[in-house]
Structures are given as structure tokens and as C-alpha cells.
Amino acid sequence: MGVIAAQPFDFPFEPGQLGLVMIDFQRDFMEPGGFGESLGNDVSLLRNAIPAAQALLAGFRAAGLPVIHTRECHRPDLSDLPAAKRDRGNPRQRIGDPGPMGRILVAGEPGAEIIPELRPQPGEPVIDKPGKGAFYATGFAQTLSQLGLRQLIFAGVTTEVCVQTTMREANDRGFDCLLATDASESYFPAFKAATVEMIIAQGGIVGWAASSGAILEALDG
Ligand code: C5J
């Protein structure tokens, strides 16, 4: 049994049940020319999360604990892309359109890949998801069950969209969820701050929040 110093209170964990979930650290969200920028965002803000996410990855790998990666992307024929998602708003480029990193948010294209700094290692599960939450229309639940995981540490982008949606889905399914605050970023700093508040409010109604340093300290101890 270990304990992470967290908010709103300590997070006790069983190492055999603990895994790291890396949400959507993809070129399409984090580099110019992808989906995030097509929506008018300053993608450079997301890069703040890379050092802490790298440290967490290294710590979990060194401890022999599971790491699972997700990617938001669609099939090349876009059969899993609802019109409501494709047609919303007025982006410069829509999902499926050609861009400098290949077709926007399409599986197998360079833009849908995870950034080199956080590349999955062979054997680490990578879940492709058509929605914001990782449980919708994927094998994520089955993967967690096969790995025997009940307690999840979350890193990723963006904090208030895919990270928070997946944390809420996991919380409803009975997982203990902790957000690694410095390993997650948003295009909107105020949204990130509000998300952390929402997660830990009301006695941890969605889960816990802690720095990557506190998580790694607990893994080492
Ligand atoms: C968004 C995500 N922001 N991965 N996706 O559309 O958060």
C-alpha cells in the first residue's frame, strides 16, 4: 500500500491496481497545423505538460506499472464520425480534411500519432477513440480489466475536454481517479484551473489531484 499526498485528501493506492493513463498527447493537438490549431487555439500552451508527463512515464515504467495511451481519431472512411462533430463551428479545416500532418484526426496519419517525446513503448496499450471519453466505443474498459486496474492516474490534453470526460466516465465505473495537475494542459488556463477545482470539490466528487512530484515520491517510497 502507498499514499500520494493529494487534494482534497491523501490518495491511498495498491501498486498492483495502479495504472497511468496518458490522454491524447497527439501531434494534432500539440503541434501547429493540426486539429487544435484549426479550431483557433494557441497549441504552444499544451507543451507545458510535456516535462511532467515524461517524468511520470519514466517513473511508471521504472516501477513496472502499466501505462495506457489514448488517441482521439477516426477511421479513414469517417464512418465513426458523427455529422454533429464534423460540422460543428467554423474551423479552418474539418476532421478528415488534408493538412500539413496528413488528414486531420484520422487514424494512421502523422497528426494522429503521439508526440515523439511521449511515444508509447512496445507492449503499452494504445486506445483509439472516436469520442472525447476513452470508454465510448473502445476496448478501454476491457484493457483496464485485463490489467487488473482499479486506480488510475491521469495525464493528458486537454484537461477540461478529453481528460475530464474520461475521468468522469472512470469515476462512474468505480475507479479511483487522480489528475496529475502539471502533466495536463488546456488551451485555456482558466478552464484547467476550474477543472481541477471541479474534480476535487465536494470531497473529491470526481477524484483527486496531485503534482507529478508527489506521485513519483509515493511510487519511490
Ligand atoms: C479536444 C481532447 N479538446 N483530446 N480533444 O477536442 O481534449
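**Close-up views of a predicted model**

The structure has 10 salt bridges, each a side-chain nitrogen of Lys or Arg within 4 Å of a carboxyl oxygen of Asp or Glu. The model is predicted: local features need pLDDT of at least 70, side-chain atom pairs count only at pLDDT 80 or more, and totals for chains, interfaces and linings use all residues. Residues are numbered from 1 along each chain as its sequence is written, and side-chain values use heavy atoms, with hydrogens and water left out.

**View 1. Salt bridge between arginine 47 and glutamate 117**. The closest N and O atoms are 2.6 Å apart. Arginine 47 sits in the loop between helix H2 (35-38) and helix H3 (50-63), and glutamate 117 in the loop between strand E6 (102-103) and strand E7 (126-129), so the pair ties together parts 70 residues apart in sequence. Helices (H or I, at least four residues) and strands (E, at least two) are DSSP runs, numbered from the N terminus.

**View 2. The shell around the ligand**.

**View 3. Polar atoms facing the ligand**. A ligand nitrogen lies 2.8 Å from a side-chain N or O atom of aspartate 24. A ligand nitrogen is also 3.1 Å from a polar backbone atom of valine 157. A ligand oxygen is 3.1 Å from a backbone N or O atom of cysteine 162. Taken alone, the ligand exposes 230 Å², and the protein buries 92% of that (Shrake-Rupley method, 1.4 Å probe).

Methods:
Near = heavy atom within 4 Å. Polar contact = N/O pair within 3.5 Å; in protein donor to acceptor, adjacent residues only side chain to side chain.
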